[in-house]
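Subject: Structure handover

Hi,

Here is the structure I said I would pass on. Please open it next to this message. My notes come after it.

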Amino acid sequence: MSDLDDFKATYFDECSELLSELEEQFAAIDEGERGADRLNAVFRAIHSIKGGASAFGFSGLVSFAHAFETLLDHVRDGRVPLGDDVVSLCIRSNDIVADFVAAARSGTELDPGYGAEEIARFESLCGGGDDDAPMEEFDIEFTPVAVVLDQADDDVLDAFEAPPLGDTPGRWEISFRPHPALYERANDPLLLFRELASLGEIEVQAHVEDLPLLADFEPFGVYCSWSISLTSDKADSEAIREVFEFVEGDCDIAITALGAAVAPAEEEPLDFPSFDSLVAEVKPVGVAAAAGDSEADPALAEPAAHKVAAPTTPEPEAPGMGGQAAGRSLGMQSIRVDLDKVDRVVNMVGELVITQSMLTQQMDENLRARYQELVRGLEVLAQTTRGLQDSVMAIRAQPVKSVFSRMPRLVRELATKTGKKIRLEMIGENTEIDKTVIEQLSDPLTHMIRNSADHGIESPAARLAAGKSETGVIRLSAEQAGGNILIAVEDDGCGINRARVLEVARDRGVVGPDQQLTDEQIDNLIFAPGFSTAEAVSDISGRGVGMDVVLSNIKKIGGSVHVRSTPGQGTRMSLRLPLTLAVLDVMLVSVANCPYVIPLSSIVETIQCARADFGRVPSGSRLLQVRGEYVQVVDLAERFGIAHKADDSGRFVVLCEADGNSRVALIVDEIIGQQQVVIKSLEENFERIEGIAGGTILGDGSVALIIDVQGLRFTGNRKNAA
Amino acid sequence: MRVLTVDDSRTILAMLHHTLSSAGFEVLQAEDGQKGLDVLKTESVDIVITDVNMPVMDGIEFIRNVRASGQHQSLPILILTTETSQEKRDLGRAAGGTGWIVKPFDPEKLISVINRVIH
């Protein structure tokens with residue numbers, strides 16, 4: 001199997017490195033440097049060699065390395081003193097390990113008994129025995145779980161070894177009470193039930209009698225227990241124990257075998273509620289129990305109280321689980337596909353789009369007139385290709401709900417921590433967006449909401465004083481706008497404290513002492529690198545990560561961030577994100593006869609140079625005046641150091657929008673047209689270039705670079721500053 | 001589903017990557033606990049699989065830090081280890097580990113254990 005060969009190759013490479021490291025370490029140890037660091041490094045290296053060897057079944061190497069490792073373990077914790085004799089034994093053993101590795105690599109056998117003498121020395125040094133697990137246990141083994149079997153073992157066996165008459169399945173009664181520790185280790189009763197359900201039919205009953213009154217409710221307390229009856233013809237006590245393997249000691253559990261005692265007439269197995277419906281039933285209680293994860297609103301604990309809790313949050317949907325189970329019962333409705341495979345399809349569709357547009361370009365009037373069938377065929381091809389492209393993109397698209405759904409809990413926690421009253425409203429959760437974009441969205445959104453809750457929303461008293469309602473509102477919305485998705489976090493809080501922001505920015509050198517800024521520029525400072533009011537404020541937003549992280553994360557996926565704030569009325573932070581990361585709508589331009597593409601989403605307008613109103617600042621750089629506003633000018637030819645037309649006649653200005661409404665005007669030689677391109681990463685294939693977001697292949701097969709407007713602006717700024 | 005694998009052995013990382021990506025997981029990698037923590041600062045994952053013996057920051061310390069961060073209480077963390085002694089597992093669990101996998105792992109077993117602890 002070639003995979004295995006690949007892994008072996010990796011392993012042997014790694015062994016070579018580890019062996020040379022071991023050589024160095026032992027040389028130093030021989031010189032008398034016997035610190036804990038060296039001993040730990042040596043132990044780890046041998047341990048790694050052993051770990052890999054066991055995966056490939058190099059048993060001679062595993063046995064020797066294991067014995068050696070045991071000695072090293074004794075040495076590092078001082079049970080065996082590291083005298084010169086032990087050092088020389090170790091150095092010799094290291095050579096033996098190298099020999100074993102070499103033999104495994106070349107596939108040759110060493111003499112049986114090679115290294116046996118050293119192993120004997122290890123054992124005598126370590127007190128006559130390997131106190132670690134014997135070698136057989138390297139196989140995956142089963143660790144018994146301490147469970148109480150209410151019934152004698154023979155009964156359990158009887159239920160299985162002698163198959164019950166007819167089809168009567170085995171029946172088990174399991175009572176289960178988790179301890180808080182179970183939740184602290186991220187185990188979840190619901191998952192255990194799911195696992196049990198894979199063994200057979202289960203019926204779960206939740207015991208909520210111990211639920212205290214809301215006033216006495218301890219958020220991290222655990223108040224629920226369950227009894228589960230399992231009907232299964234394949235389960236045995238071992239399989240049931242294995243389900244609870246990871247929660248051993250973290251729960252009280254009793255498993256009772258009922259055998260096939262219940263007559264089918266009394267209880268029709270077919271009438272058992274399906275697991276799907278049980279999940280729905282169990283869920284609210286499960287969530288309450290999960291208060292161990294500080295996840296649940298106490299009021300959610302009882303289905304009856306469910307509605308009481310609802311106003312602050314949209315109803316928690318039974319996540320993934322329920323849906324999946326339902327899907328299963330209706331037959332396969334979804335399949336799990338490796339993202340790489342989807343990406344490959346996306347890429348190939350991209351190439352197809354390019355080929356298709358290349359073919360269309362080749363059709364001149366002459367050909368059109370002569371081959372009408374071909375023309376019609378090409379039109380259909382164009383249509384189908386576009387349809388294919390949309391469908392493929394739809395595969396990668398997911399509702400933003402998957403990210404939004406984490407936010408109610410966050411807001412609840414923030415409200416508790418800050419002592420504020422906050423209501424979260426969510427709009428447009430079903431807006432779909434590319435999976436890779438979604439994955440990058442969680443952290444920025446979390447941070448923005450933290451920021452709103454912490455700095456935006458005021459304390460209840462302050463709100464009342466300002467004539468607002470006691471409860472602050474954070475509105476999280478998503479909508480599609482053309483080729484973009486707009487996601488906004490809006491609050492009705494106090495707005496950005498511009499004086500304070502400016503003061504902090506001046507303190508940190510983000511803004512020069514004499515620099516004058518507009519309100520909007522001040523608001524956008526919160527995204528500036530190096531600006532974080534972290535230490536100044538609280539433990540919520542201030543985790544040492546500033547809002548600049550939001551900006552850089554969003555920029556990474558081709559989006560932009562914008563903030564607008566009205567003092568006393570609130571702040572709106574919006575993210576503009578591309579629908580997909582794979583295909584980009586662009587304007588194709590040429591600079592000194594080289595093609596470049598500019599993302600269409602960033603273009604505001606284009607102007608002929610002859611008609612543009614340029615001005616110059618004292619430093620000599622040009623500015624463009626557009627409707628009374630001055631915009632920085634970047635001549636792409638100059639910027640990229642390529643020859644260009646001597647004068648501006650016939651050249652064009654492309655006015656682009658960079659982050660936060662700031663604009664930049666790019667000067668190009670020619671505007672060729674609009675098209676879609678497939679983005680190819682420069683970093684992956686070459687290296688990062690400032691001002692260039694990537695590359696693409698055009699219809700005629702030539703390569704064009706994608707302009708990174710934001711990047712150009714920054715480099716331009718820096719130059720000006722210097 | 002995204003999984004973060006933390007191991008100082010490239011071999012083990014490669015084998016995990018192969019097994020997990022064939023099963024449809026997106027795999028992130030880190031070669032020690034500190035790097036694992038760095039990954040968790042910027043990436044969200046559905047499950048973590050970590051080795052115990054690693055340089056810089058070992059698996060136990062890593063788990064403790066993840067749980068202490070206050071953001072990952074319900075993140076399942078599996079301890080991947082050749083240590084068959086109960087002691088390491090107990091240490092891992094005391095630090096907040098959800099379950100364990102014994103190296104060398106059987107691919108099917110690995111996936112089934114993961115499926116046991118993720119939502």
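Confidence first. This is a predicted model. It scores ipTM 0.84 and pTM 0.41, so please keep both numbers with the file.

Chain B has a mean pLDDT of 85. Of its residues, 97% reach 70 or more. The lowest confidence in chain B falls in helix 4 of chain B, residues 86-95, with a mean of 79. The highest is in strand 1 of chain B, residues 2-6, at 92.

Chain A next. It has 722 residues, and 33% of them count as buried. Its secondary structure comes to 26 helices and 23 strands. Take the contacts in chain A between residues at least 6 apart in sequence: 71% of these join residues at least 24 apart.

Now the contact between the chains. Chain A puts in 39 residues and chain B puts in 36 residues. On the chain A side, four helices each supply at least two residues: helix 1 (2-30), helix 2 (36-56), helix 8 (189-197) and helix 19 (442-456). Helix 2 of chain A gives the most, with 9 residues. By class, the side of chain A that touches chain B has 15 charged, 14 nonpolar and 10 polar residues.

Then the cores. In soluble globular proteins, nonpolar side chains tend to be buried together. Here the largest nonpolar core holds 93 residues. Which of them touch the most other members? They are I49(A), L61(A), A65(A), F68(A), L196(A), I228(A) and L78(B). Note that this list has residues from chain A and one from chain B. Helix 3 of chain A, residues 59-76, provides the largest share of this core, 9 residues.

L78(B) deserves a click. Set aside its neighbours within four places in sequence. L78(B) is then in contact with I47(B), I49(B), T98(B), G99(B), W100(B), I101(B), V113(B), I114(B) and V117(B).

A second core is separate and has 43 residues. Among them are V400(A), M407(A), L414(A) and I526(A).

Last, a sheet in chain A. Strands of a sheet pair through backbone hydrogen bonds, either parallel or antiparallel. This sheet is open, has 6 strands and shows mixed pairing. The strand order is 15-19-20-18-17-16. Strand 15 (603-608) and strand 16 (614-616) of chain A are the edges, and each pairs on one side only. Neighbouring strands are turned by 35° against each other on average, direction ignored.

Strand 17 (residues 622-626) and strand 18 (residues 629-635) of chain A run antiparallel, joined by 4 bridges. Across that pairing, Q625(A) stands opposite Y630(A), and L624(A) stands opposite V631(A).

Best wishes

Note on methods. Residues are numbered from 1 along each chain as its sequence is written. Chains are lettered from A and ligands numbered from 1 in the order in which they are written. This is a predicted model: local features need pLDDT of at least 70, side-chain atom pairs count only at pLDDT 80 or more; totals for chains, interfaces and linings use all residues. Two residues are in contact if their C-beta atoms, placed from the backbone, lie within 7 Å. Ala, Val, Leu, Ile, Met, Phe, Trp, Tyr, Cys and Pro count as nonpolar, Asp, Glu, Lys and Arg as charged, and the others, Gly among them, as polar. pLDDT is the predictor's confidence in each residue, from 0 to 100. A residue is buried if 20 or more other C-beta atoms lie within 10 Å of its own, exposed if 12 or fewer, and partly exposed in between; C-beta atoms are placed from the backbone. A nonpolar core is a set of buried Ala, Val, Leu, Ile, Met, Phe, Trp, Tyr and Cys residues joined through C-beta atoms within 7 Å. Two strands pair if DSSP finds at least two bridges between them. Axes are lines fitted to C-alpha atoms, for helices over the stretch in contact, and angles run from 0 to 180 degrees between N-to-C directions.
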